[in-house]
Amino acid sequence: CLFHDEGTDEKRIVNASIIDSTIMQCESPVWPNYGRVYVEVSTNFVTFTSLQNTFMYFRTPTVLWLFPNFGSEMGNTRVIITADFVPDNVYYECIFGTSKVIGHWISSTQISCVSAPSNIIEEVPLSLSINRGTQFSTDFSFRFKKHVTIAG
């Protein structure tokens, strides 16, 4: 796989794993800056495709705040995560302990997630995943509390 940036002429070639007759998988190399780069593939390290597929490098957001930081064990609590940088047009997952839910981009500094049900009543770490690959921890946790029903 050839990763290249036409603007800077930066290039990196990495080995690809052949998954099946139609799928190759490449691990993205370390890149000196953020932004979109082109990715082309080859079976001989000489002749590469020229399809101009793109891959995005971006810095990892730093989570600054989580609200609310608790919710019912039944799930369905909408949580707003505020960070210093939240790129648009990427796929987010919020991970409450080991439960993954889809995250939704709100703005350049916020993502929202709806907590999944939990079979444990405790505090769990909150992590984020970007594009189903880059997963990172935060300094925040979410507390699942016992669901209370008030009968009248």
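The structure is a predicted model, in which local features need pLDDT of at least 70 and side-chain atom pairs count only at pLDDT 80 or more, while totals for chains, interfaces and linings use all residues. Residues are numbered from 1 along each chain as its sequence is written, and side-chain values use heavy atoms, with hydrogens and water left out.

**Whole chain**

Display the protein as a cartoon. There are 14 strands and zero helices; strands are DSSP runs of E of at least two residues and helices runs of H or I of at least four, numbered from the N terminus. Along the principal axes, the C-alpha atoms occupy a box of roughly 75 × 35 × 20 Å. The radius of gyration is 20 Å, whereas a compact globule of 152 residues would have one near 15 Å; the radius is taken over C-alpha atoms, and the globule rule is 2.2 Å times the number of residues to the power 0.38.

Next, colour by burial. Of the 152 residues, 36% count as buried, that is, under 20% relative accessible area with a 1.4 Å probe, protein chains only.

**The largest nonpolar core**

Select Ile81, Cys94, Phe96, Cys113 and Leu128. Among the 22 residues of the largest nonpolar core, these five touch the most other members. Such a core is a set of buried Ala, Val, Leu, Ile, Met, Phe, Trp, Tyr and Cys residues joined through side-chain atoms within 4.5 Å. Two or more core residues come from each of β7 (63-67), β9 (78-83), β10 (92-96), β12 (110-114), β13 and β14 (134-145). Strand β13 supplies the largest share, four residues.

Now centre on Phe96. Beyond four places in sequence, its contacts (heavy atoms within 4.5 Å) include Val79, Val101, Cys113, Val124, Phe142 and Phe144.

**A second core**

Move to Cys1, Phe3, Trp31 and Val37. These belong to a second, separate core of seven residues. In soluble globular proteins, nonpolar side chains tend to be buried together.

**Ser129**

Return to strand β13 (residues 123-130) and select Ser129, which lies within this strand. Is Ser129 buried or exposed? Ser129 counts as buried because its relative accessibility is 2%. Show the surrounding side chains: apart from neighbours within four places in sequence, Ser129 is in contact with Tyr91, Tyr92, Glu93, Ile95, Thr134 and Gln135.

Note on methods
Buried < 20%, exposed > 50% of the residue type's maximum accessible area, 1.4 Å probe, protein only.
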